[in-house]
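The tour begins with one side chain and ends with the whole chain.

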Amino acid sequence: MPLTLPAFIARWQAAHGPERGNMQLFLQELTQVLGLPNPEPTGPGSEYCFEKQVPNYTPEGRFTKNYMDLYKAGCFI
């Protein structure tokens with residue numbers, strides 16, 4: 001049975017624990033409540049996935065690797 005918006009809100013208001021431990025399940029259920037497809041497996045060229053690697057440049061010009069929790073090309077997440 002699909003998760004309803006009120007059930008989603010109630011479920012996650014009652015949730016406890018580390019963000020990292022719940023993040024992907026929360027985001028996957030959120031996409032379902034919004035009627036969106038599930039994210040795809042992450043890999044080179046992934047357009048909609050969890051943990052997308054993105055470059056980060058510091059003001060000093062140093063490069064570091066960061067990750068977006070949920071990435072969808074052309075969207076703000």
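**Stop one: a side-chain pair**

Select Glu29 and Trp12: their side chains make a polar contact at 2.8 Å. A polar contact is a pair of N or O atoms within 3.5 Å; within protein, one must be able to donate a hydrogen and the other to accept it, and residues adjacent in sequence count only if both atoms are side-chain atoms. This is a predicted model, where local features need pLDDT of at least 70 and side-chain atom pairs count only at pLDDT 80 or more, while totals for chains, interfaces and linings use all residues. Residues are numbered from 1 along each chain as its sequence is written, and side-chain values use heavy atoms, with hydrogens and water left out.

Now show what surrounds Glu29. Leaving aside residues up to four places away in sequence, Glu29 touches Leu3, Phe8, Arg11 and Trp12 (contact means heavy atoms within 4.5 Å). Is Glu29 buried or exposed? Glu29 counts as buried because its relative accessibility is 9%, and buried means under 20% relative accessible area with a 1.4 Å probe, protein chains only.

**Stop two: the elements**

Select residues 19-33 to see helix H2, which holds Glu29. The protein has 2 helices and 2 strands, in the order α-α-β-β from the N terminus. Helices (H or I, at least four residues) and strands (E, at least two) are DSSP runs, numbered from the N terminus.

**Stop three: the whole chain**

Zoom out to the C-alpha trace, which spans about 50 × 25 × 20 Å along its principal axes. Of the 77 residues, 19% count as buried.

Conventions: Buried means under 20% relative accessible area, exposed over 50%, partly exposed in between (1.4 Å probe, protein chains only).
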